[in-house]
Amino acid sequence: MDKKQTKTINENSKQEQLEEYRVDNSGKKMTTNQGLRVSEDEHSLKAGERGPTLMEDFHFREKMTHFDHERIPERIVHARGYGAHGYFEVYESMKDYTKAKFLQDPEVKTPVFVRFSTVAGSRGSGDTVRDARGFATKFYTEEGNYDLVGNNIPVFFIQDAIKFPDLVHAFKPEPHNEMPQASTAHDTHWDFVANNQETAHMVMWTMSDRAIPRSYRMMEGFGVHTFRFVNEQGKSRFVKFHWKPVLGVHSLVLDEALTVAGKDPDFHRRDLWESIEMGNYPEYELGVQMIDEEDEFKFDFDILDPTKLWPEEEVPVKKIGKMTLNRNQDNVFAETEQVAFHPGSVVPGIDFSNDPLLQGRLFSYTDTQLIRLGGPNFHELPINRPVCPFHNNQYDGQHRMTINKGPVAYHKNSLQNNDPSPATEEEGGYVHYEEKIEGRKIRARSDSFKDHFSQAKMFWNSMTEPEKKHIISAFHFELGKVESKEVQQQVVDMFSHVDAELASEIAKGIGASQPAGENESTVTKSSPALSQENTIKTPKSRKVAILAESGYTHAEIETIVEQLKKDGIIPEIISSALGKIASEEGKELEVDKTFLTADSVLYDAVYVPGGKHVDKLAANFDAIAFLAHAYKHFKPIGVVNEGIQFAKEARIDDIPDTEGKVYTDEGIVAVQNSDDLTGFSKELINAITDHRHWGRAV
Ligand code: HDE
């Protein structure tokens, strides 16, 4: 008998398994949970029409009791999340580096479930708050589940897991008044930062545009810790994991992110859901950085320190495969809420390093599921079940679902031929990498973990001027909400160790004293890979708002929309009321959203067509604000003929008179009295591709 207990996994393996659990209520008669048909569901059973409800009303009791118990504790961190299904395929065999089966055969598509999340906010908080994002992937492999539980930022705030409860207590709403929700702009967060200066590097990231992503589809993912790859020959290498979004890395601007959190708190989950429904499947390439064991000490940072990244220019990222998310979940509770990730879920060929943050995580994740999911059998929930068989002597417990047969629940045994029996390494048994360890038991940190500022400075050095400006205004926003002058000053002084100009600019905006002394980091190194300006740029799946009222020019919109759609851009018509609007030529268009239900912050660009309709737009303050905000948020704006007049209402009044020619500058694309609508569309698409136009004086 094959003791490996493996089977061939394909793209559909998880869906086939889940299908057995899916229930469709349509066309079905209502029953109790015991299967009894229910005859009435509007009235409780009473002693007389105006009398009290009777205890014997089992249907009422069952319905109410179930409802009373519907909630489970939200995750202590990463409470707000959203998941999607998909698959992963490796580009070529990675056998030289790892024996992990799912990284061997380019023909194999391994099913995955991904959960994206914010960290600090509660389940009902907004999507676009300034925060790190979780990026957790469960690979359902033939050797068991492999979980890559990462973030969209490659480093972490602290170096040792024992500090995690302190970090989270300081970041979450303050316990006495439970404020603020989903925000680090408060005293305890910044007090923690200033008094735990290992946070410096990650804080540079969380104050940067990385912490306000445009979309889950447009952010990177990082395993953060150093892991190990181990190959068939037992050779081990240190490895870091990266997810690189095919659409590039793009962000919102702060003012926009704050507005979106109110206008559409579901902005990121909606974007993910709708993209998958439309067939715009999010894609991410999996990259690995590898360091040979013998090179462990060759770097100017400790490779076990999770507050350090490996600069891509020094340790290149090898792209080894691609993940495609192509199916939305059927039920958010059953899938997103009940999915249980654990960085300790590994497969042969992937192992841990001694990173003290990772080591602590290996304990915390199972522990948290026990309270969150109510017992030790959470691995049996459909979303968590491996697609390969699992057998052991772990029995019983709350909500046990499998029915294990026979009297034997122990090892070793003779009554059952020693089954289930451990597998040898050749049979696929997981064998921990035999790293040689020698040391004293000691509560201390290595001296090699003590440099907190060099990489924070490298990050700063790698930013373009607009990115630096955004970081400074993020500090102003966050520290501007801190009440303690002492804490504000401590933060200024702390960041003077990173960069004197940065600290000085922070101080100016919050009324703090200029930092004393010349103590900035002397690091001159930069890493171009860290700047979002160097990312992939594409117009695909960007949303354009077309502002139109009756009296617009139909032929013009038709031509431009056709061009936009060819490049995968999604146009929507925004008007003062839903229904149809009529063009100058007597044609009609269906309105998608109104100025009340939509807002420019929910779009990537705005286009105002020509026609007499602009008079109506100009009389509508919401329409003017729509365009003005798009301008303020550095978004591409296209205006044609009378649309140019309307732009003036939104203080975009420097478009020169370029009769017959397409004008373009800093993302403003205009054309007047010209047939060259294709040329106009091309320029508008280019402007959309560039994402934002920082040269504007706003
Ligand atoms: Fe987590 N983290 N974490 N974390 N983490 C949790 O597990 C923890 C850390 C990350 O979508 C919890 O199931 C400790 C780093 C993600 O379900 C908990 C430490 C990174 C998610 C927990 C860290 C992460 C979590 C809360 C310091 C990036 C959401 C609920 C040692 C590499 C997973 C849960 C999902 C969730 C503990 C630090 C990523 C309490 C102790 C570093 C993406 O177990």
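This note sets out the domains, the ligand shell and the strand pairing of a predicted model.

1. Basis of the note. Residue numbers start from 1 along each chain, following the sequence as written. Because the model is predicted, local features need pLDDT of at least 70 and side-chain atom pairs count only at pLDDT 80 or more, while totals for chains, interfaces and linings use all residues.

2. Domains. The bounds used here come from an automatic or database domain assignment. That assignment gives domain 1 (81–185 + 192–380), domain 2 (461–533) and domain 3 (537–689). The centres of domain 2 and domain 3, taken over C-alpha atoms, are separated by 38 Å.

3. Ligand shell. The ligand is surrounded by 24 residues, where a residue is near a molecule if its C-beta atom, placed from the backbone, lies within 6 Å of it. The closest are Arg75, His78, Gly134, Ala161 and Val224. At least two shell residues come from each of β2 (109–118), β3 (133–141), β4 (144–151) and α9 (356–372). Helices (H or I, at least four residues) and strands (E, at least two) are DSSP runs, numbered from the N terminus. With six residues, α9 supplies the largest share of the shell.

4. The shell divides into 12 nonpolar, nine polar and three charged residues. In this count, Ala, Val, Leu, Ile, Met, Phe, Trp, Tyr, Cys and Pro are nonpolar, Asp, Glu, Lys and Arg are charged, and the others, Gly among them, are polar.

5. Pairing around β12. Strands β11 (residues 543–547) and β12 (residues 570–575) run parallel and are joined by five bridges; two strands pair if DSSP finds at least two bridges between them. Ala545 has Glu572 in β12 as its bridge partner. Between β11 and β12 the chain passes through helix α14 (residues 554–566) in a right-handed β-α-β crossover, that is, with the strands pointing away from the viewer, the path from the first strand over the helix to the second runs clockwise. β12 also pairs in the parallel sense with strand β15 (residues 593–594), over two bridges, and Ile574 has Lys593 in β15 as its bridge partner.

6. Strand β17. Strand β16 (residues 605–608) runs parallel to β17, with three bridges between them, and Val606 is opposite Ile637 in β17. Four bridges join β17 to strand β19 (residues 668–671), again in parallel, with Gly638 opposite Val669 in β19. From β17 (residues 637–640), Ile637 and Val639 point one way and Gly638 and Val640 the other, and all are buried (20 or more other C-beta atoms, placed from the backbone, within 10 Å of the residue's own; exposed means 12 or fewer, and partly exposed lies in between).
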